[in-house]
Amino acid sequence: MDPMMPPPVRRIVVDREPYVAPPSAGPPSNGTASAPLLASHLRAERATVPAIERMRLESVWLAYGENWVVRDVTLPVRQGEVLALIGASGSGKTTLLRSLNRLTEVTSGAARSGRITLDDTDIHELEVNELRRRVSMVFQQPNPFPMSIYDNVAYALAEQAPPRGGRRRRRTPELEAAAAEALRRAGLYDEVADDLERSALRLSGGQQQRLCIARALAAGPEVLLLDEPCSALDPISTAIIEDLIVGLRETVAIVIVTHNLQQAFRVADHVGFMHLGELVEYGPSAQIFDRPVEQRTRDYVSGAFG
Amino acid sequence: MAATEILTGSHPTPVRPPRASTASWPLADRIAYGLCWAIGIALCVVTAWIVLYMLIKGAGQLRPSLFTESPAPSTNQSQSGGFRDPLIGTLILAAVGTVIAAPIGVATAAWLSEYARPAGLARAVESAVEMIAGAPSIVLAIFGLLIFSQSYFGFLSQTAANGAVIGQSFLVAGAIMSLLAIPLIVSSTREALAQLPDRLREASWALGKTRATTIRHVLLPAIRPSIAGGIVLGMGRIIGDTAIVVILLGPAFKNEPVGNLPLLGTLRGTGSTLTSFVYNNSPAGEGNAPQKAYAAAFVLMLVVLLLNWLVTRLTGERPQRRRWLPGFGRLTTWTR
Amino acid sequence: MPAGDHTAPRGRTGASSDRRAELTLGALSFALLVLIGLMLVTVAINAWPSFSANGLSWFGSGGNVTTQFLAMHSGKALPGHSLLYFRAWPLIWGTLITTVGAVVLALVISIFAAVFMVEFAPARVQRVLEPTVRLLAGVPSVVYGLVGILAIAPFIEGLITNSRKRSVFYVVQLSGLNLTTATLILTLMIVPIMVAITANALSAVPVSWREGSAALGVNRWRTIRRVSLRTARPAIAAATVLATARALGEAIMLAMVAGGPFAPNPLDGLTFLVEPVQPLGATIVHEFGGVSNKSVLNTIYAISAVLLVSAMFLSLAGWAAKQSMRRYGIRA
């Protein structure tokens, strides 16, 4: 082929039938207007685990100043399952999450009404720091402290450890064991075990987020709150963390807020859909994604808005 | 759940969260918390006291005649004379010092930033600038005293009858004062130049302009606010310094010109500034008019306020990188 | 390596003017360097006679600084010694205790005050306090000296009982110009700068760290101590070095409030706190009028040399502190 000749012009065939991709095999439509958005075969088969109710929200209203951000939400949080809160921006799901460990109190002008209980104790009667040790949170942006990996993971524990001989020791056998255990549960131990004194800021984004999860797990919480933990991460790290979350649900009650519908689909057992502060629908994920009861849920899940 | 009912209907009255209490904290933490509050309140009280004290003592003494009259010897010091001469002296000194410091400072900064060859020389110059930044002003003053009383510098001040050079004048003091301002100007300019993106320089070079032209017509105009900010900082340091004035400007209260030429005579003559006026009128100096000292000190503080405000206006408030001057040196940038 | 490796392509026509400009700017910078070098050489040359005449005992104690200066002025050397006889220990000791005392006091105060300002103070208080502290950081030292000599000194003097004055009368006169006044005013002078720098560094700590620590159930003070203050540590170190340099070089203000050359003796008990003191810088201020006298000139330059060398050491320390700021990539 002479390199100086221009490439051949393609002939456009106009009298042939257009090619349409055949629809993938899925569950038969049950008569609803739109076909299910997400095919069920994408969900991995999961063994069901007995669920113990850990926290309960009853008629919770939350306001910042004069604006009601969360209106009349009633939800259970169970150990043994992953609860996903989905909804568009501004639906109040993050505020609801933060109220579970009373992080909303940090903002001035916050007000609440309703009842939130942890193991049948109203969380507002618990001492706030003790509550936060039992209900831990992982944030959207990984935020490891500017310390070594070990110091990060042992942070909460070190602050609680009783002073020994008048001085708080940094590395005690108990602390080291607890830190190693937390790192294992977060799936990070093998990658960092060779040097725990490294600065935590040198880890990659996904590793940092897993470090934050390890840090949250170190104190042995009963509930783990995750605020869009993978939104700043690449797909591979996201997949690792999602597997982690599913694995952790047996020992910790997990609440995850996500604006990524596919992620909710992959990890959640129960889903709460929030819109403009209201809990529009709550139910098992199969119901929310395949057979939503409310029209608004159907619209959101099928992508009509969001 | 109909949306409209909830929006307009009744909703439960909200409960504000209780104030964070420290009751549950360990004792050591509570002590620390208490200390924070105690010292914090003490800080508030002390700063308020200082500000009010100066306000009352100083502003209470202010009269228009203070600004218009020269210091006059008299037995009733609290009523006679003013500080016109020291005020003018401050302005003259700041002007002289800045006029000398600005070109040298900007030139040095430009050379360090854009040329810096050979590398050893550049490092030496950097170290020299840092050294003056850290040197006590009294040491600079003493150095100036020796140098400028040499006969070949006699033209900068006056020569006494027996041939000894006095070595004290506005020019002399201004020259040494410029050493105070140069590090501030150099670091302001260097930082600003370092923040300019390289593509600015590359664009100019691509048009065929030499480096010198680039500096003069592209880079320096771009950082004018920072240069101005650095100059104002330097001015602030000059105005606030007393040691150099006391040593190099003579013990007089009034500005005594030398010779007959109007401007040059004043510059070659001795005089006083607000700072030396305050010093000399305090019990530590000759005069004994604390009232005038307070008034002058108050005016000094006003000038500092004005300069502070000028700096923030010029450089723009950047919360991450505030400058805590004028008055003394700042954290200079080490580029190594 | 100095910044500025901006290599420009050289056109033929521009090369010479560029070279000229480079030489001009370089010459100016070189002139500055020469000037500084000249200063160092001048100080060294004029300080040397005093050091060589006294040897290392220059730094020691012996006799009275006042009589030593008097001897130099009168031209009549003290018996058994040269005209340059000088023992600077009272001055050095005075400098040490005032500077170290002021810096230690200021460090403790400013850390707590900065934490208060950034974390605990109500918003209204914060809005007023912050610019006020910045204003105070810029106030000329002579104003502090004025406040010291007219307000603080009489107050402290009032606290000295007559019996105490009588007890040391044969050695030294006690007045309001003493160690405590000097240290207090010096502290007052450096606290605003340290508070300002520390508060700046504390407020630069990312909210995500503080929030993360709170979410882990660590109480507020612990969070401040283990996260915020630790992050601000390099800035605090740099602020301390800066404040020490300022305290060391302070001459005029100390000349106003310090008193006379005397080495306060800690073994004197409480009297130690009100004994007069005269740091090195203040000595220069008091004695510079006599520089026409060669011995006085040499002695003053020797004192200046000590101050200069200390300032250089502090600059180095400051540079080292700045280097450690880069460890975790934190800019304060």
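Predicted model: local features only at pLDDT ≥ 70, side-chain atom pairs only at ≥ 80, totals over all residues.
Reader: How do you know whether Glu22(C) counts as buried or exposed?

Author: The relative accessibility of Glu22(C) is 5%, and the word buried is kept for values under 20%, so Glu22(C) counts as buried. Its salt-bridge partner Arg19(C) has a relative accessible area of 43%, which falls between the limits of 20% and 50%, and Arg19(C) is therefore called partly exposed.

Reader: What makes the pair of Arg19(C) and Glu22(C) a salt bridge?

Author: The closest N and O atoms of Arg19(C) and Glu22(C) are 3.4 Å apart, and the rule asks for a side-chain nitrogen of Lys or Arg within 4 Å of a carboxyl oxygen of Asp or Glu, so the pair meets the rule. The two residues are 3 apart in helix α1 of chain C, which means that about one helical turn separates them.

Reader: Why is the pair of Glu119(C) and Arg220(C) said to tie together parts that are apart in sequence?

Author: Glu119(C) and Arg220(C) form a salt bridge, with 3.5 Å between the closest N and O atoms. Glu119(C) belongs to helix α3 (residues 89–120) and Arg220(C) to helix α9, both of chain C, so the pair links parts that lie 101 residues apart in sequence. Glu119(C), with a relative accessible area of 11%, is buried, whereas Arg220(C), at 42%, counts as partly exposed.

Reader: How many helices and strands does chain C have, and what share of its contacts joins residues 24 or more positions apart?

Author: Chain C has 12 helices and 0 strands. Of its contacts with a separation of 6 or more, 75% are between residues 24 or more positions apart. The C-alpha trace of chain C spans about 70 × 65 × 30 Å along its principal axes.

Reader: What makes up the rest of the interface of chain C and chain B, by class of residue and by area?

Author: The side of chain C that touches chain B has 63 nonpolar, 19 polar and 12 charged residues. The area buried between chain C and chain B is about 8800 Å², and carbon and sulfur atoms give 76% of it. In terms of contacts, 94 residues of chain C meet 102 residues of chain B.

Reader: How large is the area that chain A and chain C bury between them, and which residues supply 30% of the area on the side of chain A?

Author: Chain A and chain C bury about 2000 Å² between them, with 57% of it on carbon and sulfur atoms. Pro146(A), Tyr155(A) and Glu159(A) supply 30% of the area that chain A buries against chain C, more than any other three residues. Here 26 residues of chain A are in contact with 19 residues of chain C.

Reader: What makes the contact of Glu211(C) and Arg98(A) a salt bridge?

Author: The N to O distance between the side chains of Glu211(C) and Arg98(A) is 2.6 Å, and the limit is 4 Å, so the pair qualifies as a salt bridge. The rule finds 1 salt bridge across the interface of chain A and chain C, together with 5 residue pairs in polar contact. The largest share of the side of chain A that touches chain C, 5 residues, comes from α3(A).

Reader: Why is Ser59(A) called partly exposed, and what is its phi?

Author: Ser59(A) has a relative accessible area of 34%, which lies between 20% and 50%, so it is called partly exposed. Its phi is near 50°, a positive value in a residue other than glycine, and Ser59(A) is found in strand β1 (residues 52–64) of chain A. Most residues other than glycine have a negative phi.

Definitions and conventions
Residues numbered from 1 in each chain as written. Chains lettered and ligands numbered in written order. Heavy atoms only, no water. Contact = heavy atoms within 4.5 Å. Buried area = accessible area lost by both parts, 1.4 Å probe. Polar contact = N/O pair within 3.5 Å; in protein donor to acceptor, adjacent residues only side chain to side chain. Helix = DSSP H or I, 4+ residues; strand = E, 2+ residues; numbered from the N terminus. Buried < 20%, exposed > 50% of the residue type's maximum accessible area, 1.4 Å probe, protein only. Nonpolar A, V, L, I, M, F, W, Y, C, P; charged D, E, K, R; others polar.
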